[in-house]
Amino acid sequence: MTESGTAPRLGALRATYGARRPPWTGYVVGGVLLFGGGTPLLVALLVGGAGPLPVLAFSIGYAGYAWMLVDRVKLARRGKGARLDLHERGAVVTLGGGNVHTFDWDTVRVHQDVLHSRKNGTTVSSHVYTLIGTDGVACTIGDSRRTSSSRYAGVVTHVKGAEFAEPDQWGPAVVRAVGEAQLGRVLEEAANGRRLEFNAIALGLHGVEHEERTLPWGRVSELRLVNGRFHVKEEGRRSLAMDVPVSAIPNFPVFHTVAKRLHEATRRP
């Protein structure tokens, strides 16, 4: 158990999620077709004097299959014995190797990276969440095929967890629990004039800051959420004043609520 697993008691257990099992059927069938059918064909082509191109093509195919197979094996190892427990006051992430990381709802920073796409006429969602504890341990759980490009502040150690089943349930549950635990305190801090840092962007009574630029609330015309990005528009300008990926902003629902409240406060008559 790491230091992040020594947090106070987290209260009653609300839900438990196990690791998603890798889909092996497609890889087995692909391997049979590639090696069982492809190899004899390659031999026949070589005997027939087809030249080096078939060898190159099949070599690429073999290498690609081997890479995907190794990736599936790694995923299976990360998922062996892994578990996500959601409690009343926090979450416990158990890794495949047995290490345990505990995060309190009232102190954790959660970066969410959710993508929606259309595939064969249906909407497919990909979920990646990174939980960062007060000790600097960051644990990324969710879709192992994706890696967020966002940089996280205050991270000492970054570990990769498993792909847990039903991310459309535990993901929103984590975000909702963090909002319930932290929003009231953060709103009070904002009202008291404290500058609030959210990794790539900061909020205050006087305006919003990003990349060494401060835009007063009185000059902000609109705050928008578009395709996983947070947009800030400035009065009198068509171009965006600020464009920040949601994945770069920890506890985004808390941030968004506070930003809207501060912005609305300056526009009241």
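In this predicted model, strands S13, S14 and S15 form an open sheet in the order S13-S14-S15, with antiparallel pairing. The edges are held by strand S13 (220-226) and strand S15 (240-245); each has a single partner strand, so one side of each lacks a neighbour in the sheet. From one strand to the next, the twist averages 15°. S13 and S14 run antiparallel and are joined by six bridges, and Leu 223 stands opposite Val 232 in S14. Helix H4 (residues 252-267) packs on this sheet, where it touches S13 and S14, and its direction makes about 160° with that of S13.

Strand S14 spans residues 229-234, and Glu 234 is found in it. Is Glu 234 buried or exposed? Its relative accessibility is 5%, and because buried means under 20%, Glu 234 counts as buried. Leaving aside neighbours within four places in sequence, the residues in contact with Glu 234 are Arg 213, Leu 215, Arg 219, Ser 221 and Ala 241.

In soluble globular proteins, nonpolar side chains tend to be buried together. The largest nonpolar core here holds 25 residues, of which Leu 203 and Val 208 touch the most other members. Two or more residues come from each of helix H3 (167-191), strand S9 (196-198), strand S10 (201-204), S13, S14, S15 and H4. Which element gives the most to this core? That is H4, with six residues. Val 208 itself, not counting residues up to four places away in sequence, touches Ile 201, Ala 202, Leu 203, Arg 213, Thr 214, Leu 215, Trp 217, Val 220, Val 232 and Met 242. A second, separate core has 24 residues, among them Leu 84, Trp 105, Ile 141 and Val 178.

A pair of aromatic rings is described by the distance of the centres and the angle of the planes. Across the whole structure, six aromatic pairs are found. One of them joins Phe 164 and Trp 170 in an edge-to-face arrangement, at 6.4 Å centre to centre and with 90° between the planes. Phe 230 and Phe 255 are both buried. Together with Phe 198 and Phe 252, Phe 230 and Phe 255 form one aromatic cluster.

A wider view of the chain sets these details in context. Its secondary structure comes to four helices and 15 strands. Of its 269 residues, 41% count as buried. Among contacts with a separation of 6 or more, 52% are between residues 24 or more positions apart. The chain exposes about 15100 Å², and carbon and sulfur atoms supply 55% of that area.

Methods: Residues numbered from 1 in each chain as written. Predicted model: local features only at pLDDT ≥ 70, side-chain atom pairs only at ≥ 80, totals over all residues. Heavy atoms only, no water. Buried < 20%, exposed > 50% of the residue type's maximum accessible area, 1.4 Å probe, protein only. Contact = heavy atoms within 4.5 Å. Areas by Shrake-Rupley, 256 points an atom, 1.4 Å probe, with all protein chains shown as cover. Pairing = 2+ DSSP bridges. Axes fitted to C-alpha atoms, helices over the stretch in contact; angles between N-to-C directions. Core = buried A, V, L, I, M, F, W, Y, C linked by side-chain atoms within 4.5 Å. Phe/Tyr/Trp six-rings, centres within 6.5 Å; stacked < 30°, edge-to-face > 60°.
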